[in-house]
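Here's a quick walk through one protein model, piece by piece. Keep the 3D view open and look for each part as it comes up.

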Amino acid sequence: MESLVTRIEQAARGGRGITFIESAGADAYGAERVPWRRLHADARRVAGALQRHGAGPGAHVALLGPTTRELVTTIQATWLTGATVVMLPLPLRLASIEEFVDATRTRVHNADVDLVVLDRQLAAFIEPEPADPPFVLLDELVTEHATFRPAKEDPDALAVLQFTSGSTADPKGVMLPHSRVLANIDGAAAAADLDPEHDVAVSWLPLYHDMGLIGLLTIPMATGTELVLAAPQDFLASPARWLRWMSDFRGTVTAGPNFAYALATRALARMKGLDLSSWRIALNGAEPVDPGTVESFCAAAAPFGFDPRAVFCAFGMAEVAIAGTFPLPMSGMRVDTVERASLETGRRVLPVPEGAPGSRTFARLGRPVPGLEIRIVDPADGTPLPERVVGELEIRGSSVTTGYYRCPDATDATLRDGWLRTGDLAYLVDGELVVCGRIKDVIIVGGRNVLPEDVERAVANVDGVRAGNVIAFGAERRAGRESVVVVAETRDADPVAVRTAVADRVRDAVGIPAADVVLVAPGTLPKTSSGKLQRSLCKSRYTEGLLEAV
């Protein structure tokens, strides 16, 4: 068996490389291309420096910094020493810097980190405490000169300790050995028909998220595929840049959550001179796929040569390294439209024509990548369920995590007879996966199962509400009955008018009135390190009266 190091060394012998993008305002940007062989040579030198600081087999090295050549080099260097990579999230907002410092220290201690490598700009916010492991600045580390001593490869050693995007102060650390990461890389590459000699991947995804670290960095690094890498803040500052990079570098493969395609759609209305005809995989994952968003993106991108067959709606999670289910490449988005009443009142969902009154349309997310298998079971007892019957998604196979670090109870609750319990509400159609939502988030009102995504999607279009910044959840009201509560961010709008519009939209969308509508200031809603809204934390703050309404 191999480790990531073997694959990285093999890939470094090829002629392809990685281009680092640094935006310079508006559409201007700088590009530094580094052949994989050069990056590997640099990583060997940095690995020697890491070894001098104590990194080696069994050690956990935490990395904290923005997306740069130095950070990517150090990620590879950590694997070369035999140590485990622990990526630490960057702060989402400067206003939450104290919360960021506390969360960072919690992750460092929960992961038993032996060495913290951090960017100089962030060092000013984190003062070492006596109980902390040693800190070293990234820019000093990469300029050190030390002899690298190759470590013995161990496919069963931890390659990555990937923290989940939890809603609590103690997110769980997913353990991913080298063998399991490689199994997922091979499965994803096969399912996506990856061609390292011709494909060009483009990414702005954060490297502390599994889709960015494994999907769009490690896969190219371990297969020798050309990669164009930018920082997430450059995309968020101007989503048009993503499209410009795809056009300028003739990108063929990229990925992003659903909201990224919504932002790109708006950007396309103001753009000229793009050529998106090379795009063959536009992966949409990491959050629920909205078919309407995908259709709008396809329509806006079509004048620039985008082929709608490139749409690639997929399912993945950190507990399988990254890739769970993939559709056939160049098959476009396929959907399943069901009767909403059957979804809300029973387990078996009934298909109806697309656009039919009282219907709900979901994206089909393909079949398991090679090495994995999936099934839908009764959440209560694990009994397998037939197609079109809603239950819990379970996954088994070669890349499933060995468990959560130092969390035996969580591991035992999640891994059942070799199957990973995902907590996702889903069903199968012709062997393809359809995900409806998270089991813990379903709102049960009067015997009906209301999906919070349906409420949030409807409210997002209300004038005065910040799109993508809406959370719906169930809360006990009178007589212990659960009711729908909506919390939405708003800016410069009449609160009374917005509340009324939100209540009306909820009633129209799901046929149930919202028991409470809370409007809050921008930046109030809690989010994970990857930008996902945190329903459970928002619900806790609502219940405890900690939300400040406008």
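Three strands make up an open sheet, in the order β14-β15-β18, and their pairing is antiparallel. β14 (315–316) and β18 (367–368) are the edge strands, since each pairs on one side only. β14 and strand β15 (residues 323–326) run antiparallel and are joined by two bridges. If you want to spot one of these partners, look at F315: its bridge partner in β15 is T325. Bear in mind that this is a predicted model.

| Strand pair | Sense | Bridges | Facing residues |
|---|---|---|---|
| β14 and β15 | antiparallel | two | F315 and T325 |
| β7 and β8 | antiparallel | five | Q162 and V174 |

Now for that second pair. Strand β7 (residues 158–163) lines up with β8 in the antiparallel sense, over five bridges, and Q162 sits opposite V174 in β8. How many residues of strand β8 (residues 173–177) are buried? Five of the five, so the strand is largely enclosed by the rest of the structure. In a regular strand, side chains alternate between the two faces of the sheet. Check this on β8: G173, M175 and P177 point one way, while V174 and L176 point the other way, and all are buried.

Next, pick out T84, which belongs to strand β4 (residues 84–87). Is T84 buried or exposed? Its relative accessibility is 3%, so T84 counts as buried. Setting aside neighbours within four places in sequence, T84 is in contact with A59, H60, V61, T78, L158, A159, V160 and L161. T84 and D114 are 30 residues apart in sequence, and their C-alpha atoms are 10.0 Å apart in space.

On to the helices. Two packed helices are described by the angle between their axes and the distance between the axes. Helix α1 (residues 4–11) packs with helix α8 (residues 210–223) at an angle of about 65°, with the axes 6 Å apart. On the α1 side you'll find L4, R7, I8 and A11, which meet T218, M221, A222 and T223 in α8. Sorted by class, this contact has five nonpolar, two polar and one charged residues.

Last stop: helix α12 (residues 291–301). Its buried residues include P291, V294, F297 and C298. What do the buried residues of α12 pack against? They pack against α10 (240–248), α11 (258–268), β12 (281–284), β13 (311–313), β16 (335–339) and β17 (359–363).

Key: Residues numbered from 1 in each chain as written. Predicted model: local features only at pLDDT ≥ 70, side-chain atom pairs only at ≥ 80, totals over all residues. Heavy atoms only, no water. Buried < 20%, exposed > 50% of the residue type's maximum accessible area, 1.4 Å probe, protein only. Helix = DSSP H or I, 4+ residues; strand = E, 2+ residues; numbered from the N terminus. Contact = heavy atoms within 4.5 Å. Pairing = 2+ DSSP bridges. Axes fitted to C-alpha atoms, helices over the stretch in contact; angles between N-to-C directions. Nonpolar A, V, L, I, M, F, W, Y, C, P; charged D, E, K, R; others polar.
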